[in-house]
Amino acid sequence: MPSAELVLYEEEFQRLNEALKKLRQEANARAIFLIDRTGQQIAAAGEVDQFDTTSLASLTAGNVAATDGLAKLIGEREFSVLFHEGQRDHIHISIVAKRAILLVIFDERSSLGLVRLRVKRSSQEMEQIFEEMARKGERVTGPAQAPASPFAEITDEDIDALFSE
Amino acid sequence: MTFINYATREINCKIVYYGPGLGGKTTNLQFIYNKTAPEAKGKMISLATEADRTLFFDFLPLDLGSIRGFTTRFHLYTVPGQVFYDASRKLILKGVDGVIFVADSQEERMEANIESIRNLEENLREHGFDLSTIPYALQFNKRDLPDVVAVEEMYRILNYKREPTFEAVATTGVGVFDTLKSVAKLILVELRKK
């Protein structure tokens with residue numbers, strides 16, 4: 001049975017944001033997004049207000065999923081890096097910790113080579129963060145250790161109120 | 001797969017609309033998009049052919065409000081219904097939290113409905129899901145057409161596990177929001193159980 005939830009706590013969220021900010025600076029990128037493979041944005045850095053980030057996350061995940069399908073059809077495990085070249089802006093897509101997608105949007109202020117180099121280093125840092133998240137998830141077993149789950153005390157009235165006209 | 005972000009206080013869930021080709025999946029989403037207030041919806045994306053047949057997916061993000069201080073966001077997807085797009089359907093089902101099956105009530109489409117439910121069951125299984133346990137609702141669409149199968153007959157043939165079942169006319173919106181709300185509630189109740 002696949003994992004039912006992806007849970008992101010404040011500490012890891014901040015660490016991921018810091019890692020993305022650092023990557024953006026080092027790669028001279030316009031914007032960087034970390035996206036879950038089901039199409040939800042996890043974290044972002046840079047000129048994010050210029051983009052419809054929800055659509056970006058969904059389409060990126062679809063893109064990666066479709067490309068994964070293509071890879072398997074030709075006998076490859078996956079295509080680990082995707083690059084889309086535009087007139088002015090370009091997109092570099094890579095997989096981090098097997099479960100997240102790193103999307104880098106860059107223009108003439110950077111280069112594919114620089115982005116690839118910086119992404120490789122940053123990915124290792126982010127993989128460590130994800131590993132610690134996974135270990136934290138295993139350690140957190142009781143109400144004394146976990147932050148209050150938003151679902152723990154939800155009542156039927158709460159749910160009905162969400163859908164009332 | 002539900003995504004809970006404690007830092008931004010958001011809950012994100014994924015609902016997939018499934019069903020045979022031209023059954024009304026995209027029409028459901030279009031109606032929801034047109035009727036939802038601008039502040040509660042994102043941009044609707046439709047990856048379609050020139051003939052407006054869904055090629056890869058439709059996507060619509062919806063904000064349903066707050067629950068216990070967490071913004072509750074549902075990501076609605078449709079799959080392409082045409083038989084030969086099965087590889088794409090498998091991809092779109094990844095990480096699903098709830099499914100809505102849009103059945104075409106026309107008599108000549110009943111075989112397609114049955115085959116599509118079988119396909120749904122199989123594709124869910126490939127992702128490690130089980131149709132008998134996942135939040136699921138059934139919609140009998142196109143009830144306004146003349147040659148439709150009786151609701152009782154459709155229920156007998158297509159209902160899987162006594163899931164909530166709704167009659168609908170997606171072009172005018174009848175039953176559209178009722179179906180969506182039922183699956184959204186089932187997802188939240190399921191999350192509460194966990």
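Student: Why does A71(A) count as partly exposed?
Tutor: Because A71(A) has 14 C-beta neighbours inside 10 Å. The cut-offs are 20 or more other C-beta atoms within 10 Å for buried, 12 or fewer for exposed, and partly exposed in between, with C-beta atoms placed from the backbone. This is a predicted model, in which local features need pLDDT of at least 70, side-chain atom pairs count only at pLDDT 80 or more, and totals for chains, interfaces and linings use all residues. Residues are numbered from 1 along each chain as its sequence is written, and chains are lettered from A and ligands numbered from 1 in the order in which they are written.

Student: Where is A71(A) placed, and what does A71(A) touch?
Tutor: A71(A) sits in helix 2 of chain A. Leaving out residues up to four places away in sequence, A71(A) touches E76(A), R77(A), E78(A) and F79(A). A contact is two C-beta atoms, placed from the backbone, within 7 Å. Helices (H or I, at least four residues) and strands (E, at least two) are DSSP runs, numbered from the N terminus.

Student: What does helix 2 of chain A pack on?
Tutor: Chain A has an open sheet of five strands in the order 3-2-6-5-4, with antiparallel pairing. Strands pair if DSSP finds at least two bridges between them. Strand 3 (41–46) and strand 4 (81–84) of chain A are the edge strands, each pairing on one side only. From one strand to the next, the twist averages 15 degrees.

Student: And inside the sheet, how many bridges join strand 2 and strand 6 of chain A?
Tutor: Six, in the antiparallel sense, between strand 2 (residues 31–36) and strand 6 (residues 100–106) of chain A. In that strand 6, A100(A) stands opposite D36(A).

Student: OK, back to the helices.
Tutor: Helix 1 of chain A lies across strand 2, strand 3 and strand 6 of chain A, at about 40 degrees to strand 3. Helix 2 of chain A packs on the sheet and touches strand 2, strand 3, strand 4, strand 5 (90–96) and strand 6 of chain A; its direction makes about 65 degrees with that of strand 2. Axes are lines fitted to C-alpha atoms, for helices over the stretch in contact, and angles run from 0 to 180 degrees between N-to-C directions.

Student: What is the order of elements in chain A?
Tutor: From the N terminus, β-α-β-β-α-β-β-β-α-α, so four helices and six strands. Of its 165 residues, 32% count as buried.

Student: Switching to the interface: how many residues does each chain put in?
Tutor: Chain A gives 33 residues and chain B gives 37 residues. In chain A, strand 1 (5–8), helix 1 (10–27), helix 2 (53–73) and helix 4 (156–162) each supply at least two residues of the side that touches chain B.

Student: What does strand 1 of chain A pair with?
Tutor: With strand 1 (residues 2–5) of chain B, in the parallel sense over four bridges. N5(B), in that strand of chain B, is the bridge partner of L8(A).

Student: Last topic, how many residues are in the largest nonpolar core?
Tutor: The largest nonpolar core has 51 residues, and V16(B), Y17(B) and I100(B) are among those with the most contacts inside it. Helix 5 (residues 176–193) of chain B provides the largest share of this core, eight residues. A second, separate core of 34 residues includes L16(A), A19(A), V96(A) and I105(A). A nonpolar core is a set of buried Ala, Val, Leu, Ile, Met, Phe, Trp, Tyr and Cys residues joined through C-beta atoms within 7 Å.
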